[in-house]
Amino acid sequence: MNRIEKLQNDVYSFEELDTLEKNAIKLRDQETLSLIILSRASKTAKGEKPRSTVGADGKPLTKRARRDAKAGR
């Protein structure tokens, strides 16, 4: 199954969609970007939620969230 088929079938997790989006932006791949938007909307409609990047104690859980917190974003 290729990337396009997986996007159409909602196989990717929210975290994987973030990575795919980052790469698609770099490559200016409009087809993939539009499928990512549809996949996120479909997952949200099904009741799936992305994992929180902040723990119960308020500290960022991911490296990206820690970096963004340091940068004040």
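Which residues are linked with Asp18 in a network of salt bridges? The tour of this predicted model begins with that group and then moves to other charged pairs.

**First stop: the network**

Please select Asp18, Glu21 and Arg40, for these three residues are linked in a network of salt bridges. Within the group, examine the salt bridge between Arg40 and Asp18, where the closest N and O atoms are 2.7 Å apart. Arg40 belongs to helix H3 and Asp18 to helix H2, so this pair ties together parts of the chain that lie 22 residues apart in sequence. Colouring by accessibility will show Asp18 as partly exposed, because its relative accessible area is 35%. The structure as a whole holds six salt bridges, and two further ones are visited next.

**Second stop: Arg51 and Glu15**

Since Glu15 is in helix H2 and Arg51 is in the loop between H3 and H4, the pair ties together parts 36 residues apart in sequence. Are the two partners buried, partly exposed or exposed? Arg51 is exposed, with a relative accessible area of 67%, whereas Glu15 is partly exposed at 32%.

Next, select Lys46 and Asp10. A salt bridge joins them, and their closest N and O atoms are 3.2 Å apart. This pair links distant parts of the chain: Lys46 stands in the loop between H3 and H4, while Asp10 stands in the loop between helix H1 (3-8) and helix H2 (14-27), 36 residues apart. Lys46 counts as exposed, with 56% relative accessibility. Asp10, by contrast, has a relative accessible area of 15% and is therefore buried, the cut-off for that class being under 20%.

Finally, select Asp57, which is found in the loop between helix H3 (30-45) and helix H4 (63-71). Is this residue buried or exposed? Asp57 is exposed, because its relative accessible area of 58% is over the 50% cut-off.

**Looking back**

Notes:
Residues are numbered from 1 along each chain as its sequence is written. This is a predicted model: local features need pLDDT of at least 70, side-chain atom pairs count only at pLDDT 80 or more; totals for chains, interfaces and linings use all residues. Side-chain values use heavy atoms; hydrogens and water are left out. Helices (H or I, at least four residues) and strands (E, at least two) are DSSP runs, numbered from the N terminus. Buried means under 20% relative accessible area, exposed over 50%, partly exposed in between (1.4 Å probe, protein chains only). A salt bridge is a side-chain nitrogen of Lys or Arg within 4 Å of a carboxyl oxygen of Asp or Glu.
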